[in-house]
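Open the model in your viewer and keep the selection panel at hand.

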Amino acid sequence: MSKNNSFDIQSPFCVLCGRTDDCPEKYGEKRTYVEYNLTVHYYCLLMSSGIWQRGEEDEGVGGFLIMDIKKEVNRAAKLKCNICKKKGASIGCVAPKCKRSYHFPCGIQKECIFQFMENFRSYCWEHKPVQKFSDEESRGTSQCTICLDLVEQLPMYTVLKSPCCKNAWFHRECLQYQALSAGIFFFRCTVCNNKDKFQKEMLRMGIHIPEKDASWELEENAYQDLLQCYQHCDIKRCLCKKGRDYNEPDSKWEIKRCQCCGSRGTHLACSSLKSWEQNWECMECRSIFAKSGNYRKRKKHSLATSEKTDGTTCLLEEPSPKCPRQSPRSPRNFLLQHLRKQRMEVSNILKELKLQVNTKSTRLNINAENIWNSALKGFRQRNFSPTNTIEIKFTNCKNRSKTDTAAASKHHFFQLLMLHLQNSSLFEGSSAKNLSLDFQAVKENLYFEAGKMIAVSLVHGGPSPGFFSKTLFSCLVYGPENVKPALEDVADVDVAQTIKMIKHANSLSSLQSTIRECYELLAAAGCLRPITALCDKNTLVNDILIHHVIKRIISPLESFRQGLKTLGVLEKMQMHPDVFSCILCYKPERLSAETICDLFTIHSSSDVNKVESVDFWMGYLQDVESGESVVTLEDILLFVTGSFSIPPVGFDPEPTIKFLHIRYPVGNRLLNCLELPITKTYEQFKNKMEFTIRNTLRVERE
């Protein structure tokens, strides 16, 4: 019989448990078959002790034949529930000599365990399986990683512990909802992503994992947006009050895509386009033609070729041979958009933290030749507060230009400080650094001060460190107990060599010989253990790594964490680990013409030909990026802001460009404003830029 029988909306009672509840999450789907006068909860049927699926999946109720269901109802009618004392108890405990029977809902209330696997066994409240906890494990509270509420670390029915992560605890109810949503293909540990071990333990402890795809995969048209055309206004200052994604056809708010790449767009009004038929190129594509002076001629040519011979307008634009059309979902564009999004997100987070900084100032007298001691003295002075505005006074003035602003001096100070920390004894490793063990630094509380300095640098406009290893970052964000270090985290050559020898031992005798040679090192690390098989080497290697990379530096790590809590930085790291890992574990990507272009907001007076001026500016950036100039993009940034790089929090005030009737460009570092001259040709513009920037920076260096 098919499952698609008529359904009665009166919600009658289940023939097995006698309840009218309709709660699919707790009792399974409630199905009613009017012609057989039958209503049953799916879980009640699934766990009943005297019935089996003798039919196909499309027969009866999920393979349970109607005739067999009626026989099971008659059998259960003779059995009394040991919990509610009513008849109809179809489920029995499988423990030997246990005679208890109960209804499925009663069993849930009494905290029985129902295993939705193999023979669908059921255990009463006395014989149910429990999770084992060692005496060493802490008894307290932790955070359920699904709902983020507190959960008690106790062996109880409502709480379950992850079998693969030491300190991962969950509410049973949260896990059940997660399993029903994710299904068997996506249900896994939310901390380490383990699937097999995690599912096996959860099934043993009574979590139902349905054999279906995830709910988000079954949603109709869930990925429909992948098939849509690019509809977003990318102009720096969008004029549409309804947002950048608003698109109204046949109006000034219709979105026009770049005719060259197709991966940028603009509202017609935002780019002063009178009609949709007008061709439009994005800044990135326009800059390719600007330096050659052929932009105007090319634009006219494009308009001409867009006309059909019969006089009608062709809506299909001819893509440029120099800049092939790209899908807005191409890997390159997706990666660039992802990086831009992360940079913008971390900047917004840090700007939010910067709101704590008040106008009261604290001056730090800094000797650039002794950056660490002078910084330490300044941070430890009585009137220093992270929430005060920091002013930097370099005592050896010969190292700084007189044209430097307060912001530039502060950025330079933090730049020197981050460089010193990277090469200090507080950290070890080549490029990706972990904390080292320096007893004197522990005694002087220097790890705390280092964490505090990094936090202050991020919020006050300094550069990011960019040298954290992924292991160190994970220890800070997720806790050291949830991190598994790797061989590349070991900076000590002798320890690394020992681990390699153990790891590459190809026989039990060679493994035992290696252990005897390294006896003192293993004993000092507390990693000696009986070795009875070759596979024991994996556990031994893991023990050495955890001791050397994590346990050995647990005191410096905790002190460093406390320092990073300054101004709420660590809390934001833990809330947004992906965006913060980009600035703490990696150096900022090299400046590009596009990055500089996005950084500046362009202003011009009404009598200025803005399009042509912007063309020259974009063309010059492309020249600089391709090495066809005597200056670099870093030189341009330094000329305007006094900084070689863009701080994670961004510049304050935001950099701007003005096109004026002046002879040479001017970099106003107080306002972060670049004033550019208006010229007739691109060559004149380029020559004036090169002459001014090169000579200004040369004079400053001298």
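A salt bridge here is a side-chain nitrogen of Lys or Arg within 4 Å of a carboxyl oxygen of Asp or Glu. The whole structure holds 15 salt bridges by this criterion. This is a predicted model, in which local features need pLDDT of at least 70 and side-chain atom pairs count only at pLDDT 80 or more, while totals for chains, interfaces and linings use all residues. Residues are numbered from 1 along each chain as its sequence is written, and side-chain values use heavy atoms, with hydrogens and water left out.

Select R75 and E72. Their closest N and O atoms are 2.7 Å apart, in a salt bridge. The two sit 3 residues apart in helix α3, so about one helical turn separates them. (Helices are DSSP runs of H or I with at least four residues, strands are runs of E with at least two, and both are numbered from the N terminus.) E72 is buried at a relative accessible area of 1%, whereas R75 is partly exposed at 31%; buried means under 20%, exposed over 50% and partly exposed in between, with a 1.4 Å probe and protein chains only.

Next, select R100 and E126, whose side chains form a salt bridge at 3.2 Å, N to O. R100 is in the loop between β3 and β4 (101–102) and E126 in the loop between β6 (122–123) and β7 (141–143), so the pair ties together parts 26 residues apart in sequence. E126 is exposed, with a relative accessible area of 54%.

Finish with R380 and E449, a salt bridge with closest N and O atoms 3.2 Å apart. This pair links helix α11 (residues 371–380), which holds R380, to helix α14 (residues 446–459), which holds E449, across 69 residues. R380 is partly exposed at 42% relative accessible area; E449 is buried at 7%.
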